[in-house]
Amino acid sequence: MSIFFALSDVVEHEVPVWVTGFYLLVLIGMVVCLAFEEKIHAKKSLIVGTFAGFCLVTETVIGYFTDRAHPMLPFGSITLPNGHEIALPIYVPAIDWSVITIILGASLFVEVTSRSGIFTWLAIKLTKQSKGDPWRLLVFYGALTVIFSAVLNNVTAMIIVGSLTTVSLGKLERRDLLLGFLITEGLLTNVGGLLTLISSVPNIIVGQAAGIGFVPFFLTAAPFVGVATLVTLFQARLTFGVKGLLTDEEKKVAAELVAGFDEKESVPSVRFFWCSVLLLLGFIVCLAGQSALPWDLDELGMGFVALFFAGLALWFYKHEVDTFYKAVDWDLLGFFASLFVVIYVMEQAEVLAIIGEGIGAMLSLPGPAAQASLLVSAAAASSVTDNIPLAAVLAKILAVNPLVVGSEGSNPGSPFWWCVIYGANLGGNITPIGSASTVVAMTIIHKNRLPLTFLGFVKVASAFAVVQIILAIGYVWITSHLF
Amino acid sequence: MNEPWHHPSPSRSDEAIDEFESIFKRAERTPYRFADISIKSVALVTDGDQQAADVMMVDLKRFLPQVADAAEWVSVTGEQFHNVNELLQLMHDRKPDLIVTSRCLSEASLVPQHTLGVYVDVMTQTLSTPLLLLPGTAPQPHPLAETACRGVMVVTDNLAGDDRLVNHAVSCCDPNGTVWLCHVEDDLLFRRYLDAIRRIPQINTEQAQELIAEQLVAIPTHYAESCIQGLKEAGVNLTVEQIVEFGHRVARYKNLVSRYAVDLLVTNTKDNDQLAMHGMAYALSVELTDVAQLLL
């Protein structure tokens, strides 16, 4: 458990009701601003950073004037587990650094290994294997989207598979299928993002808060991801009229066209390619076995594993590591750091306690109804705003709810964690702004001048999202009874 | 005047999408497809009499033995047509797979220079039939090679994907001969684009020059490699070589023709955007009069 959660377990001051109400409005304001990020033309990190700064300043000043003996923000030194005290600004321990290091390490690692051409090689190889048959191509690209979303991240997966789809369907002269393919891939990124603990940020946040390990997470999520992927692909086949080729002549022409792709073109060095394959396997194995690492190495955490492998990979480009540092999504990291500060402030202002009471009432419903309502609420909220603040807030709230963590204060097996994970991820499929990867899907769709409006997307995608959410409700209910 | 200073810079995802599209497009190859060009009928058009036509036909059959064996040969002599329309009508009626003729038909009195003559000019523009232009002009013919056609040079400014051009070249070449697949990028045009790039601060000029040149060479080179592979798979054993370079097109081709033992040039004449003959094909056909040319 991180310093962040350890710090925030106890709120020792009285908070006036008007202060809680004020910060609730601030939180709503931040969520609305994030939902209208495109209209504001400001990056997430700046929006949330501004709110974080505002919250810190106002809560400090309000604390000074209301109850100076017990300020809302607990200024002072941090006591380390060995008893040493360390002076840190309040906003430093407010940040969950385990989450930040996982994201930083994993994104650096992926940035370097993707230079080896490993992902594009695989994508082209599968395109050739499909022999240009549209239905096989959809199945292969669907599987590829899920795998890339799980191993890389949803946005990169959408960019790689979406770009290849544009090129390959253009070559096959089947641009009539492009819209259906891109929508399906956009929807599958959020399904694939459920596969592992590090596949999406909500997974990392909720998984860390719940104490779910990499392997248990994978074993629980994999069957659902498999079923949801298949159902989505068949639904796409019916919705978009994707059919296999019938005549031998059609098959021959299509096969010849895709055979023209040269997968080796994207591999700059065979040696680096195979090293990247080994590094990637090592990365996955170490993440999976992180909790079983010997000699207390497990104490270093998953973030260290990610940073360690990023460091190893960087040695292949030792003269130009700064290029990769520049490629890190600092906006995303700044957004997370600021978000943790905002949530910390909200906790001190007892805003989370108020929301928690509402969620507590929901969790008190009979078993399946409680799970379904939490999952649907999370999905609905995630469809209109960023799922990361949602996951962060809900993880904080559930981490102190006895119905979730029980009397021992920790219960990684609670189905409610999974309701948040499934809801936060799948809710992104309802609207084009519901997740970063569907935003990218829309960008590719518009870049190709395909006619699809916001409402058009909702009309098509919500049918898929409803099916996926129903499947998730059923799956959480079944697994809560099995395990 | 509005200066385009404030182009919105692409977002992070726009850049990444573009980057991956480029990677996949670079991996895209235009495969060569071999097709056996069967020429079943050949029309020899001359402004001379039947006797002269018969002599030319003997030379031609020696020059193109594969065609000689398979095709039915007819001759259209000077007394059968008196203007372009009559000749076109004859060709429409006979529908040959290949027309063989000379520059400057029926123009002996004009002492023609640097021209194809009105008959050839109109035939290349209006007929889709390949036209084999004999060396020299009708008034001053040059002799054909004394052996079968052993050196065929494909000349184009866009080799990639032009299966028709390659297949015709292969069909005219002796099985023991050599086909050169030539692609010359216009360096003047390239320099003009680079001058424009030099004025754009967002683009690194040196990098742009290197990368664009690399791709301009890579595309025809990959296609030529595909041709070599495709012909081998089709059991065509003649020698195929590729020449891909930058330069002034006509000057380069003149240089290449003088450097290699070329018996026949194969080039495209049709231009989708204009009725007139393709600029480079016209320039080559009036300047390189010593070599036979197959105009497609």
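Figure 1. Ala472(A) is buried, as 27 other C-beta atoms lie within 10 Å; a residue is termed buried if 20 or more other C-beta atoms lie within 10 Å of its own, exposed if 12 or fewer, and partly exposed in between, with C-beta atoms placed from the backbone. This is a predicted model, in which local features need pLDDT of at least 70 and side-chain atom pairs count only at pLDDT 80 or more, while totals for chains, interfaces and linings use all residues. Residues are numbered from 1 along each chain as its sequence is written, and chains are lettered from A and ligands numbered from 1 in the order in which they are written. Neighbours up to four places away in sequence being set aside, Ala472(A) touches Phe224(A), Leu375(A), Tyr422(A) and Leu426(A), where contact requires C-beta atoms, placed from the backbone, to lie within 7 Å. Phe224(A) is 248 residues from Ala472(A) along the chain, yet their C-alpha atoms are separated by 7.3 Å.

Figure 2. Pro389(A) counts as buried because it has 25 C-beta neighbours inside 10 Å. Residues up to four places away in sequence not being counted, Pro389(A) touches Val31(A), Leu34(A) and Leu339(A). Leu126(A) lies 263 residues from Pro389(A) along the chain, and the C-alpha atoms of the two are separated by 36 Å.

**Figure 3. The largest nonpolar core and the contacts of Phe109(A).** A nonpolar core is a set of buried Ala, Val, Leu, Ile, Met, Phe, Trp, Tyr and Cys residues joined through C-beta atoms within 7 Å. The largest core has 154 residues, of which Phe109(A), Val342(A), Leu375(A), Ala378(A), Ala391(A), Ala395(A) and Val420(A) touch the most other members. Helix H16 (residues 330-348) of chain A provides the largest share of this core, twelve residues. Beyond its neighbours within four places in sequence, Phe109(A) is in contact with Phe283(A), Ala306(A), Phe309(A), Ala310(A) and Ala313(A). Another core, of 68 residues, lies apart from the largest one and has Tyr32(B), Met91(B), Leu165(B) and Ala224(B) among its members.

**Figure 4. The fold of chain A.** Chain A contains 23 helices and two strands. Its radius of gyration is 23 Å, close to the 23 Å given by the globule rule for 483 residues, so chain A is as compact as a globular protein of that length; the radius is taken over C-alpha atoms, and the rule is 2.2 Å times the number of residues to the power 0.38. The C-alpha trace of chain A spans about 85 × 50 × 45 Å along its principal axes. Of the 483 residues in chain A, 49% count as buried. Among contacts in chain A with a separation of 6 or more, 80% involve residues 24 or more positions apart.

**Figure 5. The side of chain A that touches chain B.** In total, 23 residues of chain A are in contact with 15 residues of chain B. At least two residues of this side of chain A come from each of helix H6 (118-129), helix H8 (154-171), helix H12 (248-259) and helix H22 (436-447). H8(A) gives the most, with nine residues. The residues on this side of chain A are ten nonpolar, seven polar and six charged; Ala, Val, Leu, Ile, Met, Phe, Trp, Tyr, Cys and Pro count as nonpolar, Asp, Glu, Lys and Arg as charged, and the others, Gly among them, as polar.

**Figure 6. Strand S4 within the open sheet of chain B.** The sheet has nine strands in the order S2-S1-S3-S4-S9-S8-S5-S6-S7, with mixed pairing; two strands pair if DSSP finds at least two bridges between them. Strand S2 (72-76) and strand S7 (239-247) of chain B stand at the edges with a single partner strand each, so one side of each is left without a neighbour in the sheet. Six of the seven residues of strand S4 (residues 131-137) of chain B are buried, so S4(B) is largely enclosed by the rest of the structure. Strand S3 (residues 98-103) of chain B runs parallel to S4(B), to which four bridges join it, and Ile99(B) has Leu131(B) as its bridge partner in S4(B). Strand S9 (residues 292-295) of chain B pairs with S4(B) in the antiparallel sense over three bridges, with Leu133(B) opposite Gln293(B) in S9(B).

How values were computed: Contact = placed C-beta atoms within 7 Å.
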